[in-house]
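Please report on the charged pairs, nonpolar cores and surface of this model. Keep it short, and give the cut-offs.

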Amino acid sequence: MRIKLDLAPDLIAAMAAEIKAGEKAVSTAMYEAGTGLKTAWRAQITGAGLGRRLANSIRLASYPKSGDSLSAAALVWSQAPVIIRAHDTGPLIRSKDGFWLAIPTAAAGKSARGGRITPGEWERKQGLKLRFIYRRRGPSLLVAEGRLNSRGLGVASKSKTGRGIATMPIFLLVPQVKLAKRLDLARDAGRAVDRVPGLIVANWVEGKV
């Protein structure tokens, strides 16, 4: 017994159109889900007070780069993954050498590169030596003998009599710091994944209307 399957040209064309509609629906859904996740992560970062610059490190790429596909995908990532991960996980940070973490006070000012200044850079910049003060209670200190200028920064004093010279705390020394968890990126990622099936159906139906 032979069975002959003869598909009418209209049916073949309808199947091809359906596949094309599916490819477009999946590609559009993945792009919309990715865009929603990028927006949600950026909003979390600015809402946590971490700044627009860090928020803009969140980027989106959709695949394929051109055309539509039933295997379309979206990738959302950060160009500053170490910083983002730290705020997302709230890690315990210890000194690399096992001694102290030096946390600059307001009197220390900024590094020449705009970030946190280190004790060595501060000494070179100000031409002053830091002195270690151990405290049984509270953070130990690195202090310097000088004066605070009009901006509250510790600088060398030009006084020849010693008038106005004070001991200034420049760095706080702590053995470790627990960074507060300020982001919950997994929550928004989960929501984005949950939206995908509905987005595919909605875009598939919309493409036929």
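Predicted model: local features only at pLDDT ≥ 70, side-chain atom pairs only at ≥ 80, totals over all residues.

The side chains of Arg191 and Asp188 meet in a salt bridge, at 3.7 Å from N to O. A salt bridge here is a side-chain nitrogen of Lys or Arg within 4 Å of a carboxyl oxygen of Asp or Glu. Arg191 and Asp188 sit three residues apart in helix α5, so about one helical turn separates them. Arg187 also bridges to Asp188, with the closest N and O atoms 3.4 Å apart.

Residues are numbered from 1 along each chain as its sequence is written, and side-chain values use heavy atoms, with hydrogens and water left out. Helices (H or I, at least four residues) and strands (E, at least two) are DSSP runs, numbered from the N terminus.

Asp188 counts as buried, at 7% relative accessibility. Arg187 is partly exposed, with a relative accessible area of 37%. Buried means under 20% relative accessible area, exposed over 50%, and partly exposed in between (1.4 Å probe, protein chains only).

The structure holds four salt bridges. One of them joins Lys181 to Asp88, with the closest N and O atoms 3.6 Å apart. This pair links distant parts of the chain, 93 residues apart. Lys181 is in the loop between β9 (176–178) and α5 (185–208). Asp88 is in helix α3 (residues 81–89). Lys181 is partly exposed at 48% relative accessible area, whereas Asp88 counts as buried at 19%.

Just after α3, Gly90 takes a positive phi of about 60 degrees.

Glu121 lies in helix α4 (residues 119–126). Glu121 is buried yet has no salt bridge. The nearest side chain of opposite charge, Arg113, is 5.0 Å away. For charge, Lys and Arg count as positive and Asp and Glu as negative; His and the chain ends are not counted. Leaving aside neighbours within four places in sequence, Glu121 is in contact (heavy atoms within 4.5 Å) with Ser111 and Ala112.

The largest nonpolar core has 14 residues. A core is a set of buried Ala, Val, Leu, Ile, Met, Phe, Trp, Tyr and Cys residues joined through side-chain atoms within 4.5 Å. Trp41, Ile45, Leu50, Leu54, Ile84 and Leu183 touch the most other members. Helices α1 (9–47), α2 (52–55) and α5 each supply at least two residues of this core. The largest share, three residues, comes from α1.

Leu50 touches Ile45, His87, Arg182 and Leu183, not counting residues up to four places away in sequence. A second, separate core of twelve residues includes Ala107, Leu130, Leu142 and Phe171.

## A nonpolar surface patch

Phe99, Trp100, Phe132 and Tyr134 make a nonpolar surface patch of about 480 Å². Patches are made of residues with over 30% relative accessible area and no salt bridge; like charges are joined within 9 Å, nonpolar side chains (Val, Leu, Ile, Met, Phe, Trp, Tyr) within 5 Å. Areas come from the Shrake-Rupley method with a 1.4 Å probe; for residues, only the protein chains shown count as cover.

Trp100 is in the loop between β3 (92–94) and β4 (101–104). At 33% relative accessibility, Trp100 counts as partly exposed.
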